[in-house]
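Subject: Model handover

Hello,

Here is the structure I promised to pass on to you. Please open it alongside this message, and then read on for what turned up.

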Amino acid sequence: MTLFKTTAVVLLVLATAACTNPDRFGAGRDGSAGAGAGANAGLGAGMAGSASDPTSPLFFNQTIGDRVLFAVDTSTITPAGQTILDGQAQWLLTNADYRAVIEGHADEQGTREYNLALGQRRANAVREYLVSRGVPSSRLQVTSFGKERPIAVCSDESCYAQNRRAVTVLSFSAMTS
Amino acid sequence: MIKRLLTVLVALVLAGPMMAQSGPLRLTITDGVIEPITFAVPSFEAETPAAQQAASDISRLVVQDLAGTGLFREVPATAFISQISSFVQPVAFADWRAINAQALIVGAVTVNGDQLTVKFRLYDVFSGQELGQGLQFAGTTAGWRRMGHKVADAVYSRITGEGGYFDSRVVFVSEAGPKDNRQKRLAIMDFDGANVQFLTDSSSIVLAPRFSPSGDRVLYTSFESGFPRINLLNVANVGRQELSTAPGEMAFSPRFSRDGRQVIYSLSNGGNTDIYRTDLATGQHVRLTQAPSIETAPSLSPDGSQIVFESDRSGNQQLYIMSANGGEARRISFGEGRYGTPVWSPRGDLVAFTKQNAGRFHIGVMRTDGSEERLLTSSFLDEGPTWSPNGRVIMFSRETQGAGGTSSMYSVDISGRNLKAVPLPSGASDPSWGPLQP
C-alpha cells in the first residue's frame, strides 16, 4: 500500500518529460492539430504568416482549407473535398519546405477502436489523393484520433458532419517520428 | 375453533422462513429471476481497542459487497434479536431464524500497529451449521478494504460455489474537461471505485488500457508521439516502454495473451488495419489477418486457441472467430446493426460485445457460436465491456448525449440485472477488470 507514494514522484518526472514539437503549426481556429498529443506547441497564427500571403501556412489553413469532410462510415473524398485537396497539393508543391501530417477523425457514433481505424482510412485517402496530385509521399504522414478530438460537441448530425474529417497539419521539413 | 386457527397461523409463520430454504445454504446463479439469500452481519468484534473503527468499517464493506451483487439481501441490525459479542460464543440459531437470516457472518478484527487481522465464520442458519471453516486474513490497516473484500469473496464463493470478484482492481481512463478537449489519464481503482490512483498524467491522450492476466502490467494506447502507439506499463513502479512501431504505422487495441508474454493488437498502415501478434521478449511480429478491411479489437479465448475480433469485411462491423494463429475466420454475429469490441468470457462460453443499432448502443453477450444473443443495456452510447474475474458481471463505459456529455463506468450482471454506476468523482471510461488479487 506504500506503492503509490513512489508513483506520485515518478509521475512528476513523467509530466516534465512530456514531449513537444516546436516545429509544428496549429491547425488554426480549433487548435485540433495534435491537441492532447503532447505535440501542440505549434506556433501561433501570427507567426504562421498572413492569410493573404499565398506562401503562408495560414493561407493554407484558411484560404485553401486544411480539412475535408466525409459521409457516415466512409473514406471517399467528395467533389468538394477534391477541390480543397487540389488546392492543398498545389500549395505543397509550391512550398517544398513543408511536410504534413494528415489527421483522420470520426464522429462519436462508433466504438473507439473502429473509429481509430476509420480515421486512419480517411487520413490515408487524403494522403493518396495528394500523392496522386504529385505531392511526394515522403512528405506526408497519416495518423488518426478516432473520436477522441471532436471539434463540434453536440450530439446530432450538424456536429457529426464537422467531426468526420481529415485535417492536413503542416510542419517544417525534417519531421521525424 | 379460533384457537385452532391461531395454531395453524403460528405454524405457517414459523414454517414461512423454513420454506425459503430447503437443504443446505446454496445459491445457484442462473439467468432466471432469483430470490436473494438473506444474510446478517453483526458488527465484527474488535479484539483490540485500536480495531474498533476497522471492525465496524470492514463489517459494513462485507455487507456492501454482498448486497451490491443483487444476489444477497441484508437483514438490518435493527431487526436483530440476539447480538454477537464474541467470535467464539455459540450462535443462537433460533434468534437468526426468527428474523429470517439465512446466512450469518460473524467476524473479529485485531489491530497491532499498522498490522490488521480479520477472521470470520459463515453460518448456515437454517441447518444450524457452519458453512466451511473459520478463515483469517492478515494485512495492513491501510489495506483494510482488501480484507473486507476477501471476507466477502469467501462468503460469496461458499454460498454460490463460484469464485468472487470483490478483491480485484480495474484499470481505466480517468476523464476531465469538455468533449472537444478531454483530458485522459490512466488510473487504477478497486472494483467498487475506491482507492483511485493515477498511473499517467494527462499530457497526451491514453486509450483502452488492458490488464495482464496476473494484473502486474497494463497495455494501453498512447498518443504521446502524435501517433497511436502501444505502451506497456508496470503497475508497481509505473515504468513504461513503447512497443516498437515502424514510422507511418499506428498500433492500438492491444491485449495480452493468457501467459502474458505476447500481445495481440491492431496495426494500421496505408489505410488498412489488420491484427498482429508480437512476442514481448523477442519483439517478433506475426500478421494474423490479411484482409483489406478493418480488423480490430482482438480478444483471445481462455485456452488461448482462438481469437474473437471485429471486422467490416462484410460492409459493416461484425464479429468473427479465427484460430489464434490466424487463417480462415467464421462470422458469429448476424443480428441487425453493427457489432464491435468483442471480449471472450473467462469461462470461455460467452462473448461480450458492443452493439450499435437504430441510433442506440447496447452491451450484450452471445454464445461463441453466435446463438442466444442477449442485450443487457441500452443507451445513447454504451461501449467497451470487460468481464469480472468470475465471468458473472460486465463493466463498461456509458457516455451521455450532447455538448455536456460525460462518460461514466457501469456494471451489470450477465443476466441484465443489477445495472449500476461505479461511484467515482470524475469521468471514467474504458475499464479493464483485473484478476482476483492473491
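Some housekeeping comes before the findings. This is a predicted model, in which local features need pLDDT of at least 70 and side-chain atom pairs count only at pLDDT 80 or more, while totals for chains, interfaces and linings use all residues. Residues are numbered from 1 along each chain as its sequence is written, and chains are lettered from A and ligands numbered from 1 in the order in which they are written.

Chain B as a whole

Chain B has four helices and 31 strands; these are DSSP runs numbered from the N terminus, with helices being H or I of at least four residues and strands E of at least two. The radius of gyration of chain B is 25 Å, close to the 22 Å from the globule rule for 438 residues, so chain B is as compact as a globular protein of that length. That radius is taken over C-alpha atoms, and the rule is 2.2 Å times the number of residues to the power 0.38. Along the principal axes, the C-alpha atoms of chain B fill a box of roughly 85 × 55 × 45 Å. Buried residues account for 47% of the 438 in chain B, where buried means that 20 or more other C-beta atoms, placed from the backbone, lie within 10 Å of the residue's own.

Strand β24 and its partners

In chain B, β24 (residues 350-357) is mostly covered, with seven of its eight residues buried. It pairs antiparallel with β23(B) (residues 338-344) over five bridges; pairing requires at least two DSSP bridges between the strands. Here B:Tyr339 has B:Lys355 as its bridge partner. Five residues separate the two strands in their hairpin, where B:Gly348 takes a positive phi near 90 degrees.

β24(B) is also joined to β25(B) (residues 360-367), again antiparallel, by eight bridges. B:Val351 stands opposite B:Met366 of β25(B). The hairpin of β24(B) and β25(B) has two residues between the strands, and B:Ala358 in the turn has a positive phi of about 50 degrees.

Where the chains meet

The contact draws 41 residues from chain A and 50 residues from chain B, a contact being two residues whose C-beta atoms, placed from the backbone, lie within 7 Å. On the chain A side, α1 (3-16), α4 (112-132) and β3 (140-146) each supply at least two residues. The largest share, 10 residues, comes from α4(A).

Best wishes

Technical notes:
A residue is buried if 20 or more other C-beta atoms lie within 10 Å of its own, exposed if 12 or fewer, and partly exposed in between; C-beta atoms are placed from the backbone.
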